[in-house]
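Below are my notes on the model, as numbered points. Please read them with the structure open.

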Amino acid sequence: MPELPEVEAARRAVEENCLGKTIKRSIIADDTKVIDGVSPSDFQASLLGKTIVAARRKGKNMWLELDSPPFPSFQFGMAGAIYIKGVAVTKYKRSAVSDSDEWPSKYSKFFIELDDGLELSFTDKRRFAKVRLLKDPASVPPISELGPDALLEPMTVDEFVDSLSKKKITIKALLLDQSYISGIGNWIADEVLYQARIHPLQIASSLSRESCESLHKCIKEVIHYAVEVDADCSHFPIEWLFHFRWGKKSGKVNGKKIDFITAGGRTTAYVPELQKLTGTKSGKEPNKPRKQSSKGYEDEDGDKEPVNEENTGRAKAKKNQNTTKGAARKSRAKSNSEENDSDEDGDGGKEDKPVKMAKRKQTKTEEASKKLKTSRKSTQSRKVKK
């Protein structure tokens with residue numbers, strides 16, 4: 001999932017290559033799942049002849065400021081990406097589109113050609129992004145609901161420490177809350193907690209001032225470094241957890257074992273030897289990473305797909321299938337129970353029918369023999385008395 005460094009790399013690429021240029025052609029995908037609240041024809045018409053004057057970002061959202069509103073806004077979702085033909089935007093978890101590839105991509109949702117021939121495309125293979133046309137993107141959701149940007153509007157150390165002291169929530173979940181700090185995603189949260197030696201399930205308010213200061217420092221350093229290298233992960237320091245956290249299989253970082261748990265609803269990589277829960281104030285979540293829940297599905301790095309008709313349909317289908325299987329199991333269990341209850345021999349109904357019949361016949365014979373013996377003894381007793 002694109003996080004702050006990747007979105008910032010895209011913003012900078014637009015800023016360096018597209019400002020002051022006029023849009024002469026546009027193609028908007030006929031995809032209502034991604035293109036939100038406006039028809040492709042109206043979207044295209046609103047762009048033609050407009051000049052790009054700025055590229056803005058907050059958290060993991062970006063928008064193009066034109067010489068007059070409305071402005072195109074991009075919520076990157078799980079796989080959204082900005083490509084500029086012939087320009088390497090970012091190499092973080094994704095390679096730039098080369099001139100030899102299909103262009104624009106079949107996954108393109110927003111395409112524009114500028115007056116100097118430069119072409120830009122926003123693609124989304126998984127279709128969980130949102131592209132909107134808004135008069136003032138920063139004044140409406142989702143951007144208006146975001147907390148301070150982790151890069152552009154960082155809290156001071158004192159503000160951060162004071163804020164954490166009031167949060168009765170696990171620290172990983174808090175870092176992922178975009179209304180608290182915007183821009184931090186799953187891998188950044190894992191990285192900064194690892195570097196600050198804080199357990200993901202530690203309750204935020206239980207952290208010492210020293211731990212809070214260390215976390216504040218790590219957030220700043222990790223984000224600034226990732227942004228400086230344009231989110232090119234091949235340039236991330238080799239000692240970072242980032243290089244070893246993918247795949248949900250235990251490995252090692254700097255000789256220390258990595259484990260995976262669920263924290264903040266996400267698959268979380270951490271190093272138990274270095275990140276220990278302290279005191280009694282810690283959150284409790286399942287130890288096994290959840291593949292799916294009613295709120296969405298996780299991809300390979302623990303990022304969730306938002307709820308939509310497609311994946312909720314899969315969840316309902318699976319639930320119905322499980323319900324049917326459960327009913328069948330109960331029916332079989334009831335049937336077996338009835339057979340066992342009617343089995344006078346107490347053999348659990350496991351013997352063949354002929355064997356059972358023979359046993360019952362033998363039992364009846366033995367009972368008749370006992371009655372005969374009892375009858376004879378009674379007769380003899382009466383004769384003696386006479």
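Which residues of E6 are buried on one side, and which on the other? Point 2 takes this up.

1. Basis. This is a predicted model, in which local features need pLDDT of at least 70 and side-chain atom pairs count only at pLDDT 80 or more, while totals for chains, interfaces and linings use all residues. Residues are numbered from 1 along each chain as its sequence is written, and side-chain values use heavy atoms, with hydrogens and water left out.

2. Strand E6. Gly80, Ile82 and Ile84 are buried on one side of E6, and Ala81 and Tyr83 are buried on the other, so that both faces are covered. Buried here means under 20% relative accessible area, exposed means over 50%, and partly exposed lies in between (1.4 Å probe, protein chains only). The strand spans residues 80–84, and five of its five residues are buried. Helices (H or I, at least four residues) and strands (E, at least two) are DSSP runs, numbered from the N terminus.

3. The four-stranded sheet. E6 belongs to an open sheet with the order E1-E7-E8-E6 and antiparallel pairing. Strand E1 (23–28) and E6 are at the edges with a single partner strand each, so one side of each has no neighbour in the sheet. On average, neighbouring strands are turned by 10° against each other, direction ignored. Two strands count as paired if DSSP finds at least two bridges between them.

4. Pairings within that sheet. E6 is joined to E8 (residues 119–124) by five bridges, and the two run antiparallel. In this pairing Tyr83 stands opposite Ser121. E7 (residues 108–114) also pairs with E8 over five bridges in the antiparallel sense, with Ile112 opposite Leu120.

5. Helices on the sheet. Helix H1 (residues 4–17) lies across E6 and E8 and runs at about 25° to E6. Helix H2 (residues 40–47) lies across E1 and E7, at about 165° to E1. For these angles, axes are lines fitted to C-alpha atoms, for helices over the stretch in contact, and the values run from 0 to 180 degrees between N-to-C directions. Contact means heavy atoms within 4.5 Å.

6. H1 in detail. The helix has 14 residues and reaches 20 Å from its first C-alpha to its last, close to the expected 20 Å; the expected span is 1.5 Å times one less than the number of residues. Ten of the 14 residues are buried.

7. Glu119 lies in E8 and Arg25 in E1, so the pair ties together parts that are 94 residues apart in sequence. Glu119 is buried at 13% relative accessibility, whereas Arg25 is partly exposed at 35%.

8. Asp190. The side chain of Asp190 meets that of Lys172 in a salt bridge (2.8 Å, N to O). Lys172 lies in helix H4 (residues 171–176) and Asp190 in H5, so this pair links parts 18 residues apart in sequence. Asp190 also forms a salt bridge with Arg245, with the closest N and O atoms 2.8 Å apart. Arg245 lies in the loop between H6 and strand E10 (252–253), so here the parts tied together are 55 residues apart in sequence. Asp190 is buried at 1% relative accessibility, and Arg245 is buried at 4%. Lys172 is buried as well.

9. Salt-bridge network. Glu8, Arg11, Arg12, Glu15, Arg57 and Asp149 are linked in a network of salt bridges.

10. Hairpin E12–E13. Five bridges join E12 to E13 (residues 266–270), and the strands run antiparallel. Two residues separate them in the hairpin, and Gly264 in the turn has a positive phi of about 65°. Asp259 has Tyr270 as its bridge partner in E13. Four of the five residues of E12 (residues 259–263) are buried, so this strand is largely enclosed by the rest of the structure.

11. Cysteines. A search of the whole structure finds zero disulfides, a disulfide being a pair of cysteine sulfur atoms within 2.5 Å. Cys18 is buried at 0% relative accessible area, and Cys218 is buried at 6%.

Conventions: A salt bridge is a side-chain nitrogen of Lys or Arg within 4 Å of a carboxyl oxygen of Asp or Glu.
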